[in-house]
Amino acid sequence: MISIQNAVFEYTGGHASLDDVCLDIAAGECVLLCGESGCGKTTLTKTINGLIPHFSEGSVLHGMVTVDGLIVADTELYEMAKKVGSVFQNPKSQFFNLDSDSELAFGLENEGAEPSYIEKRINETVRQLHIEKLQSRSIFAMSGGEKQTLAFASVYAMNPTIFVLDEPSANLDGEAIDQLRKQIALLKSQGHTIIIAEHRLYFLVDVIDKAVYMRDGKIEHIFSASEFVALSEEQRVELGLRGLTASAIQLPTASDKSTEQGLFVENLSCAYGKNKIFQNLSFSLRAGEVLAVVGNNGVGKSTLIRCLCGLLKEQAGMIRLNGKALKSKQRQKLSFCVMQDVNHQLFSDSCWGECEITNPDATPEEIESVLNQLQLLEFKDSHPLALSGGQKQRLAVATAMLSKKEIIIFDEPTSGLDYARMQAVSKIVRSVAEAGHIVIVVSHDKEFISRSCDCVLSL
C-alpha cells in the first residue's frame with residue numbers, strides 16, 4: 001500500500017530530517033512510528049500524505065514515495081486526499097468551520113458528494129465513533145481533547161483508504177484515549193491502513209502490527225508487535241520511549257483549608273455567559289509544592305487556570321496569595337502560563353529572542369543555561385515555528401522558567417514529548433517549585449504527574 005524508497009528530505013537550511021529511509025507498509029497494517037522528539041516521525045508522515053513535497057517549497061526530497069500505486073510527488077494533493085486522511089497534532093490547523101456539524105460535512109462537500117450520502121455518512125460516523133456529545137457544538141467552546149476527537153471524526157467521515165495520525169492522543173484524557181484505541185481498532189477491522197506517530201504507547205500495544213523506531217532521521221529498527229511488547233524496561237528507557245503500560249496516580253488530594261502562606265482559592269465559581277463551568281471550588285497550595293489538576297476533557301481545567309491567571313474574571317469566590325486578595329489584573333502580573341497550544345505564545349523569530357522577550361533582564365548566561373537544560377541550545381537561532389511540536393513545548397517551558405513570576409502554571413506541558421524530554425520537564429517543574437514558586441500543572445499524563453507532583457485536584 002505504501003512504499004518509501006531511499007527517501008532523503010532536507011528542510012530549508014540544509015538540516016536532513018529524513019536520511020535514506022526505506023519502508024514498506026502492507027494494506028491493512030497498523031504501523032507505529034516512534035522515537036525521540038525531532039527524530040523525523042512527523043516528516044515521514046508528511047511524505048505519505050503529500051504535504052512533502054507539495055507544501056515544502058525550497059526544500060529537497062530525494063527518493064521515491066508511492067501510495068496505492070500513485071507517485072506522491074507527481075500526484076495533486078486533492079487526489080492524495082481521497083486516499084490518505086490526516087489528523088494533525090494540532091487539530092485547529094485543519095478546521096474550516098465554526099461548528100462541529102459543518103466540520104463533519106466539510107470534506108465530503110468538497111468532494112462534491114450527494115447531500116443524501118453526506119447526511120448518511122455523518123450519521124454513521126457519529127454512531128460508530130460514539131460522538132453524539134460533539135454534535136451541534138461551537139468549535140470555540142470545545143476543549144482541546146474534544147477538538148482532537150472532532151478532527152479524527154471529520155477525516156473518518158470521508159472514509160479514506162489510509163489514515164495518518166500525528167500524536168492523536170496528545171490532548172486526550174484517559175477515557176478519550178481508551179475511546180481512541182477502540183476507534184483505531186475499528187479502522188483496522190474495516191481494512192484501513194493506519195500510520196500513527198506517537199509518544200504515548202501503552203494504548204497501542206495491542207492494536208499495532210509493527211513499530212518503526214526512528215533516530216536522527218533514520219529508521220534504526222523495525223519491531224514486530226510481539227518484539228515491541230517484549231522490550232525490557234531497560235531497553236525501553238535506552239530507546240527513550242514512554243511506558244508500555246498505563247500509569248496510576250497515587251497522590252494525596254489537595255487541601256481545601258485556608259492558608260496564610262501560599263495560594264488559597266475559596267469557593268471559586270466560573271462561567272461563560274449563562275454556562276456555569278464549575279462552582280464553589282476551594283483548594284490551597286504552598287510555595288514549593290506542585291499541584292496536578294486532572295479531570296476529563298471539557299470539565300473546566302483550562303477555565304480554572306485562565307481564571308487563576310486573570311484572563312477570565314471569576315463569577316464568585318476569592319483568590320488569595322499570602323493572605324492578600326487578588327483581582328484579575330493583579331493575577332496577570334503575578335502569573336505565567338505555558339498554554340496547551342504554545343503557538344499562541346511564541347512571537348520572536350528565534351528561540352534566543354523568545355527568551356529575551358519574556359524577560360529582558362535575563363542574562364545571556366541564564367538564557368543559555370535554560371536552553372541547554374531543555375536540549376534547545378543548538379536551536380537558539382532557529383525560528384520557533386520551525387521547531388517540532390515537542391521542541392516548541394520545551395521552548396515555552398523555557399520562557400516560563402525565565403519569567404520568574406510567583407505563580408507558574410503549565411497546561412499539558414508534556415504534550416508531544418518523548419520520555420527523555422518528559423523527564424527533563426519533570427525535573428524543571430520540581431526545580432521551579434523548589435525555587436519558591438507556586439506551581440500548578442494541568443495534565444492527562446499520569447506518568448508525568450506521578451513523577452512531578454505533590455498533590456492532586458480532580459475536577
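This is a predicted model: local features need pLDDT of at least 70, side-chain atom pairs count only at pLDDT 80 or more; totals for chains, interfaces and linings use all residues.
1. Among the buried residues are Gly145, Glu146, Lys147 and Gln148, and the list continues through Thr149, Leu150 and Ala151 to Phe152, Ala153, Ser154, Val155 and Tyr156.

2. Helix 6 runs over residues 144-156, and at 1.5 Å a residue its 13 residues should span 18 Å, a value with which the 19 Å between its end C-alpha atoms agrees.

3. Two of the buried residues of helix 6, Phe152 and Tyr156, also belong to an aromatic cluster, which they form together with Phe163. The count of aromatic pairs in the model comes to 6. Tyr156 and Phe163 make a tilted pair, with 6.5 Å from centre to centre and 40 degrees between the planes. Are these two residues buried or exposed? Both Tyr156 and Phe163 are buried.

4. Elsewhere in the chain, Trp352 lies in helix 12, which covers residues 351-358. Trp352 counts as buried because its relative accessibility is 18%, and the cut-off for buried is under 20%. If neighbours within four places in sequence are left aside, the residues in contact with Trp352 are Pro364, Ile367, Glu368, Leu371 and Lys380. Trp352 may also be viewed together with Leu376, for the two are 24 residues apart in sequence and 9.6 Å apart in space, taken from C-alpha to C-alpha.

5. Rolling a probe the size of a water molecule over the atoms shows where empty space is left. In this model the count comes to 1 cavity of 30 Å³ or more, and the volume of the largest cavity is about 70 Å³.

6. Which residues line the largest cavity? The lining is made up of Glu167, Ser169, Ala170, Glu198, His199, Arg200, Arg242, Thr414, Ser415, Gly416, Leu417 and Asp445. Sorted by class, this lining has 2 nonpolar, 5 polar and 5 charged residues. A reader who wishes to find the cavity in the structure could look for Glu167, Arg242 and Asp445, which are among the residues that line it.

How values were computed: Residues are numbered from 1 along each chain as its sequence is written. Side-chain values use heavy atoms; hydrogens and water are left out. On a 1 Å grid over the protein atoms alone, a cavity is a set of points where a 1.4 Å probe fits but cannot get out, and a pocket is an open set with protein on both sides within 12 Å along at least five of seven lines; lining residues have an atom within 4 Å of a point. Grid points are joined across faces, edges and corners, and a volume is the space filled by probe spheres set on the points. Ala, Val, Leu, Ile, Met, Phe, Trp, Tyr, Cys and Pro count as nonpolar, Asp, Glu, Lys and Arg as charged, and the others, Gly among them, as polar. Helices (H or I, at least four residues) and strands (E, at least two) are DSSP runs, numbered from the N terminus. The expected span of a helix is 1.5 Å times one less than its number of residues. Buried means under 20% relative accessible area, exposed over 50%, partly exposed in between (1.4 Å probe, protein chains only). Rings of Phe, Tyr and Trp (its six-membered ring) pair if their centres lie within 6.5 Å; planes under 30 degrees apart count as stacked, over 60 as edge-to-face and the rest as tilted. Contact means heavy atoms within 4.5 Å.
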